[in-house]
Amino acid sequence: MSLHRIVALFRRVTLEIVRDRPSLALLFIAPLVMSGLITFIIREGDTPTIDAVLVNQAGLPGTLVAAQLGMAIEGEGGSFEILDDEAVARSAVERGDASIAVVLPAGLGTHATAQLTLITGGLDPLGEATQVGKLQRTIMAGAAAASGGSLPTIRHLTVYGASSDDPIARFAPAIVGFFAYFFVYLLTGVSFLRERTGGTLERLMATPVARGEIVIGYSLGFGLMATFQMIVLLTWVLVSVRIPALGPLPEFAVGLGVASAGSAVYAFLVVLLLALGAVSLGILVSTFARTELQVIQSIPLILVPQFLLSGVLFPTSSLPEILQPLVVIMPVRYAVDGLRQVFVAGADLGSAALLANLLILGVFAAVFATLASLIIRREVA
Amino acid sequence: MNSQAPAPAIRAVDLVKAFGTVRAVDGISFELAAGRIYGLLGPNGSGKTTLIRLLTGLARATSGQAEVLGVRMPSREVLARIGYMTQSDGIYPTLRVIDNARFFAATYGVRDKGAVMEALATVQLADRAKATAMDLSGGQRRRLSLACALVHKPAVLFLDEPTVGVDPLLRVQFWQHFRALADAGTTIVVSSHVMDEADRCDELLFVRSGSVIARGSSLELRQGAGTENLEEAFLHFAGDVEVTR
């Protein structure tokens, strides 16, 4: 072993990094930006505004709880309304007029077994859980005051499907959307970079092929790959096949078996549109990269913000106000929302919410494709 | 007697390409006739590749104009009649030889499988048609690159340093192909910094610092410089060396 050679290698590696300015910047800046963003989201994250409706079946004790709850909610800028009927309250949540419905049962404050019901939509599990948690504290305090100490139990229902105990059910739509985006973006970015560095793009541009044809050809090719990827991924997520015990092998299940209220076809449609946008974005970003390493290094700048600001990890409704304009321009956010509409609410093409998400994803794909087409010629020339 | 001269295959009029303050192509004008082999000779960085990129429409001129087959460049209209072999191989390494040739044929609108095999046969790669491009030797990859530029039988062929990294035997074969193509009417522009290839061209353009400093046949240029050696002739026209008779 030669110290001289090791020093030479050390020097070469260091020089290589130092001379690669984008890598150097990302090495130091990206961790600061990412950790700063996460800290900001956690520290400054807002509890979403609560728009509550309340059905009081408990009489006088319920009136006291309702008054306390109303003051608390309206004091924080939310809205509060008392309705007569649980079905009407449920409809208000379903329509989106209210974010949560509270049903105070008969016997509240007198019967130890009284069960209070909270109803949310079920499409934004993390955001709704935050609201439920916050209301629980106020309700319990009010109920304790009204009853002299006898506390009711609380059950949480969702409009779309039963509130699942399976923790993955809350994350499955986000996981499907994000990973589809991640891999298609990475694959396209690296492939297109190779097209440039290998000289084939220069050669292509000297043929009658139009820039738009290149982007469409890429989109079709990677769209096909994304199709197969999604068939495999959606099957894996939605299906669970039990393999019976065989000899020394115990019984086990293959597939995640996440329950979906809607058809996988619509989920596929959402992800396909997302993937088409990822192809064009991959092309767009790769034109600014010189090496494959730089494409990979774009992940903290392009993909991590999508992960943080699209409802994958944190509910978008609880993100700080200052970040909300960024939330609006995150394509993954619309995919996650669309997939939740399908998985949780069982949405089909008759659903305005799903159609809106599909339309926005289509617009993102078209905008990225146009930008990629425009930038290819400039890049080659 | 028809006194009208045939239209040039390629024309440059006061062509300029500037990158910031650097003028990579600095006011070049010429006309190149059809069916001849022209050599762009000059050291690395003299502007040969930029000139070819202007002529193929890959770069837009800062000023002046370039015409190929009577069409002002850049124009997609004429690209189907132009072949371009880049300095790098410009092939897809994970695809098979035939798939590379088929793909570039398709980009030029050629659907005839026979034309693809003919191009591969021209560069003696027909027997390796099903090999993966990355498994080819360096010389074979250059041959495949040439086949991809020939597959649509272009009227004008631009070859940017086509023989770099090519062994002497293959280099001879390449020039035989180029001559056969020129005899069949193809106009060929070859850039090179290898002076010993110059004698194979019908006419040479010495390029230095973005300008054409001399033009003529190899013999004319050597006679003009008063030397038997083309490198010395280049230096003579470049004004770097006083050549003694």
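Mentor: A nonpolar core here is a set of buried Ala, Val, Leu, Ile, Met, Phe, Trp, Tyr and Cys residues joined through C-beta atoms within 7 Å. Keep in mind that this is a predicted model. With that in hand, the largest nonpolar core has 140 residues. The residues with the most contacts inside this core are A:A180, A:V270, A:L274, B:A101, B:A147 and B:V151. Its top contributor is helix α9 of chain A, residues 264-286, which puts in 14 residues. As a general rule, nonpolar side chains in soluble globular proteins tend to be buried together.

Zoom in on A:A180. Leaving out residues up to four places away in sequence, A:A180 touches A:A226, A:Q229, A:M230, A:L233, A:V271, A:L274 and A:A275. There's also a second, separate core of 29 residues, with A:V93, A:I100, A:V102 and A:A114 among them.

Now for the helix pair. Helix α8 of chain A (residues 211-238) packs with α9(A) at an angle of about 140°, their axes 8 Å apart.

Five strands make up an open sheet in the order β2-β1-β3-β4-β5, with mixed pairing. The edges are β2 (79-83) and β5 (153-158) of chain A; each has a single partner strand, so one side of each is left without a neighbour in the sheet. On average, neighbouring strands in this sheet are turned by 20° against each other, direction ignored. Inside the sheet, β3 (residues 100-104) and β4 (residues 115-120) of chain A run antiparallel and are joined by three bridges. One bridge you can pick out pairs A:V103 with A:T117 in β4(A).

Two helices sit on that sheet. Helix α3 of chain A (residues 60-75) touches β1 (51-56), β2 and β3 of chain A, and its direction makes about 175° with that of β1(A). Helix α4 of chain A (residues 86-95) touches β1, β2, β3 and β4 of chain A, and its direction makes about 165° with that of β3(A).

With 18 other C-beta atoms within 10 Å, A:T138 is partly exposed. Skipping residues up to four places away in sequence, A:T138 touches A:Q68, A:L69 and A:A72.

To put all this in context, chain A has 14 helices and seven strands, and 39% of its 381 residues count as buried. Of the contacts in chain A with a separation of 6 or more, 75% come from residues 24 or more positions apart.

Key:
Residues numbered from 1 in each chain as written. Chains lettered and ligands numbered in written order. Predicted model: local features only at pLDDT ≥ 70, side-chain atom pairs only at ≥ 80, totals over all residues. Helix = DSSP H or I, 4+ residues; strand = E, 2+ residues; numbered from the N terminus. Buried ≥ 20, exposed ≤ 12 C-beta atoms within 10 Å, placed from the backbone. Contact = placed C-beta atoms within 7 Å. Pairing = 2+ DSSP bridges. Axes fitted to C-alpha atoms, helices over the stretch in contact; angles between N-to-C directions.
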